[in-house]
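Visitor: I am new to this structure, and I would like to learn how to read its features one at a time. Could you take me through some of them?

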Amino acid sequence: MKAKFIINPSSGKQLLQKKLDRIIGNLILEGTLNHIDVLILKKKGDAYESVKALKKDEYDYVVAVGGDGTVNEVINGIMIGKNKIPLAILPAGTVNDFANYLQIPTDVWGFCNMLKKNQKKKVDVGKIGDRYFINVLAGGILTDVGYKVSSNVKTWLGKYAYYVEGMKEIPKQMFKSIKLSMETEECLGEEDTFMFIISNTPMVGGFKRLAPKAKIDDGMLDICIIKKSDIPEFIGLFFQAMKGEHIYHPKVVYLQSSKIRLECKDYTKVNLDIDGEEGGALPATIEVIPKVLEVFTP
């Protein structure tokens, strides 16, 4: 079997990169793979361009070594390149929401055994315009926190760097809201909104149950809209979200749909976050493509 490793050397705490020689050596020695090509990423877009150019059956699978942004690039390369190459993820980022949801192992033997078992699952992929996402699309307050945290702080604090920055940003952003228009097959409405999250898995931003009803293979996206609130309410929602209980709060709209149209009715520019990366702005139509991607699972 033949695989291509796409490696982001600057992801997360950079600790997992040190295991790569052992992982690759083990895969070759055990005969799980007989050929491995490696691409070390130098700049944003390298993973996308490399994977998009691959031909069908050129490799048995691609291994994305990095965080959510690296995985997003690889998935876009697979989808836009239409090469249908299965994906394995070696999580090395700050949060790794999608990989953590699938309980992908990060130790040498656990990861090698997963590839050796060759067990895959067909999962849904979200689509917005000509871009794809595997885990989450979001907009509104706090969704830009990931861009404000320095790489050094993320290296030392991991996902907690986002929580610290988020708590600092709450007082600054509490006066910002979006006149959000939402249209799905099931409903049409407007809300004065702080933030919205459209997710493919329950795990978002390190919260294990931010979209507690989400499944990666149900042909649906889970939509969580946080209405405009005062600071005590919003902080209370923050702590309820840790247990997945926020979806029952009167300031939260939670629903599932295969397609949603979002617009900002007061013409404020609303930037979008796609799998932790900057991703355009509203208006936007977001939909799900069911069971289109094969992913290795333990």
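Guide: Thr-70 is buried, with a relative accessible area of 6%, where buried means under 20% relative accessible area, exposed over 50% and partly exposed in between (1.4 Å probe, protein chains only). This is a predicted model in which local features need pLDDT of at least 70 and side-chain atom pairs count only at pLDDT 80 or more, while totals for chains, interfaces and linings use all residues. Residues are numbered from 1 along each chain as its sequence is written, and side-chain values use heavy atoms, with hydrogens and water left out.

Visitor: Which side chain makes a polar contact with the side chain of Thr-70?

Guide: A polar contact is a pair of N or O atoms within 3.5 Å; within protein, one must be able to donate a hydrogen and the other to accept it, and residues adjacent in sequence count only if both atoms are side-chain atoms. Here the partner is Asn-8, at 3.0 Å. Thr-70 belongs to helix α3 (residues 68-81), helices (H or I, at least four residues) and strands (E, at least two) being DSSP runs numbered from the N terminus. Asn-8 sits in the loop between β1 (2-7) and α1 (20-29).

Visitor: Is Asn-8 buried or exposed?

Guide: Asn-8 counts as buried because its relative accessibility is 16%.

Visitor: Where is Gln-103, and what is its phi?

Guide: Gln-103 lies in the loop between α4 (97-101) and α5 (108-117), and its phi is near 60°, a positive value in a residue other than glycine. Gln-103 is exposed, with a relative accessible area of 63%.
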